Amino acid sequence: MEPNSPTPCIVGLTQQLEVLSNWLASPNVNSQIFSISGIGGIGKTTLLTEMAAEARRCSTVTLWMDGQFCLQTPRAFLSHLEMSLETEYGRTRVADTPLLAHVVEELTRQRTVVIIDNCETIDRIDSWLLSSLLPMLVTSTSEFLLIVASRTGLPIQWHTNLVWGNQIHSFALELFTRKEVHEYVQSSGLPPLVQQDIVHKTDGHPLLLALTVDMLRRQGREREDYAQQIPGILSAELLKEATSPYMYEALQMLSLFPAADQTMLNQLLSHPLNALDYTALSTLSCVHTGAGGLSLHQLVSRMLREDYERRDPSHYQMMRSRVLELLMERYPSLNKLLQMQIAAHILELYRDQLPSTHAYTDFTGIRQREVEQQMSFEPGDLPYLQRFLAESLARSDWQSELIENGQYSSLLDDIANYAPAGIRVIRNPDRVPLAFCAGLWLHDQTLSILEQYSPDIRKMLGDPVNSARGCSPEAADTICILLAAVDVGQSSYRPEELGGMLFQSWLIDAMSGLRAIIPTADRQLNMLLPHLGFEESTMPSQPYAREDMHVWELDFRQATFEVWVQRILRQNIRTAGCIPQEAPRILSRDEVRLMLHHIYDDKVLEEMVPLQAMGCEGVRARELVVSILHADPPTYPLTNLEQRILRESYLHKNYRKSELAEALHMSRATFYRHSRQGFIHLGHAFTQRWMALK
């Protein structure tokens, strides 16, 4: 970092600091407990640091401890308090005074704040804290505040405790809003365009934001090296709780689902989860439990997917396709809410095949919680929407060519007054409109409005208009979208991001069985809509029709969600000039075992059908297996232990299997379990390496 570069300010912690300030400023306060929680890197330690500084500014006795060291036993906890009192305030224990009595006396003689970071293991001593120490500290005359921080918050027994449950204030830290990210980067000293790029890419995660700003301040090669380290730093911070390789694999698979239960996960895992494993997975701070099973925090999910794809692209694409198949099987039997969640997730999963940095849309920076800020129209929105519309017309952005110039504002007024259900609004967290699109649900009562502004609409659209005659509002299943605009004056979102949010919200809505129609002669829109799964309708041949006018439909009344997803994938692969390729078939466990058993027999290897199908000659197969089983570090997903077992068993053959199991200090059952797992992982590694060489 440059020595004189500005230091970004603390943002996003106002509410928590205000609660503390009120407690410190009150002349008479009750003893309380603050519980700070959130995923790795979300800002827990930063908040505790600010709270400690605020308490010290108020001349309050303030003690800081690290839960990794002080929560082992009650004795360790008291010893750390004693040491902090002596180090910070010179309070030494008088000879022969019991440790507990000394600590209680010092902490109750004046207002005191005790702050403990990293409290993941507080359950080791929480019974003692709740039943012994806290009752002595929290008396009718004491003013004591305990502030603890951990990834998952205090255990449930704290909240259900009859005495202390009502004294706990819980603060679950969230990602920064766009406004807070802007506030942070404005103090970074970086150029405005660089600041905009940071806002767009960091997802509001405080640690990622800080690392990115720090990296961009660096110069030359140092910046390049640091950029390579950032994903690893953040991944390690987020996944500190995933101590087992099997747990990491489960998280990796979970990142591909909107939510998954034990059965769904086990269909993809090489090491299926038992009931205890699944319960342990549900307790991680980045995992949430809901009606559909377990789901990952959205930022963690995205980062795990990106890391997965970067490390093993062929396996990632194969597993992503399998997840799509599983979700498609479930989709028809789910309620509308869960169907919309699946639709939103698949748009996220295949975001790399949606239009990027298009003139009207960019899906790359959308977080789902922002998409969920879309709401129905409210009367107070109209002045905002009219302003967005006027600015859009001044820039010659798309508005429906069915409507004559000069009539757009009147049309928006009429839709707002007589058919407001056709308006969708995207808002910021303060509910201020950011973007909108407006159309008319086609039914008997709205056709008069549509025909007023486009007298030839029936001849233009044909069947959709004819079938709407006599249709009640409740039965309407088709909307004709006519107007759309975004707030180009605000700085939190790029205009094309807001366009992406509008399209994504309509796509998700349409998937519940509706039809959307967009008539347009706009060249950019005509290029965009096929990428989003819209299909062109044949317009009635009329002499007045513009040659460049197209009518696009997205019709989910008959088509299935799976058909639409496949249509998008085919369209975007075709547009990119690529030929879709099926993911390579991974060698099965039995095929790998057979290949290893005959690893030195070229004739058998040459005759193996799976190797022939891959175009891999016997000699090449042996060379590749030998290379993989001697690689250091092992080729993912092989572990060191699996690699050693297979190498010793089939390449070196220095031990019988029973002798090798004994040498590795494991039972024969455990040995064979690791062997079977090794066959599966070698199949993945072999296929991955061979495809990279082709």
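Predicted model: local features only at pLDDT ≥ 70, side-chain atom pairs only at ≥ 80, totals over all residues.
Guide: A residue counts as buried when its relative accessible area is under 20%, and as exposed when that area is over 50%.

Visitor: Is Tyr316 buried or exposed?

Guide: Tyr316 has a relative accessibility of 3%, so this residue counts as buried. Tyr316 belongs to helix α16, which covers residues 313–330.

Visitor: Which residues does Tyr316 touch, not counting residues up to four places away in sequence?

Guide: The partners of Tyr316 on that basis are Leu256, Arg305, Tyr308, Glu309 and Leu349. Leu256 stands 60 residues from Tyr316 along the chain, yet their C-alpha atoms are separated by 9.3 Å.

Visitor: Where does Ala685 lie, and what is its relative accessible area?

Guide: Ala685 is part of helix α33. Its relative accessible area is 0%, and Ala685 is therefore buried. With neighbours within four places in sequence left aside, Ala685 contacts Ile628, Thr635, Tyr636 and Pro637. Between Ala685 and Tyr636 the sequence separation is 49 residues, while the C-alpha to C-alpha distance is 6.3 Å.

Visitor: How is the packing of two helices read, and at what angle do α12 and α14 pack?

Guide: An angle from 65 to 115 degrees counts as roughly perpendicular. Helix α12 (residues 245–254) packs with helix α14 (residues 275–282) at about 65 degrees, and their axes are 11 Å apart. The two helices are therefore roughly perpendicular to each other. The crossing in which α12 passes α14 is right-handed.

Visitor: Which residues of α12 and α14 meet?

Guide: From α12 come Met247, Ala250 and Leu251, and these meet Asp277, Ala280 and Leu281 of α14. Sorted by class, this contact holds five nonpolar residues, one charged residue and no polar ones.

Visitor: Which residues of helix α31 are buried, and which elements do they pack against?

Guide: Helix α31 runs over residues 640–652, and its buried residues are Glu642, Gln643, Ile645, Leu646, Arg647, Glu648, Ser649, Tyr650 and Leu651. They pack against four helices: α27 (589–597), α30 (618–630), α32 (657–663) and α33 (668–693). After α31 comes Lys653, with a positive phi near 55 degrees.

Visitor: What is the phi of His665, and is His665 buried or exposed?

Guide: The phi of His665 is also positive, near 60 degrees, in a residue other than glycine. His665 is located in the loop between α32 and α33. The relative accessibility of His665 is 76%, so this residue counts as exposed.

Key
Residues numbered from 1 in each chain as written. Heavy atoms only, no water. Axes fitted to C-alpha atoms, helices over the stretch in contact; angles between N-to-C directions. Parallel < 35°, antiparallel > 145°, perpendicular 65-115°, else oblique. Left-handed = near helix turned anticlockwise from the far one by under 90°. Contact = heavy atoms within 4.5 Å. Nonpolar A, V, L, I, M, F, W, Y, C, P; charged D, E, K, R; others polar. Buried < 20%, exposed > 50% of the residue type's maximum accessible area, 1.4 Å probe, protein only.
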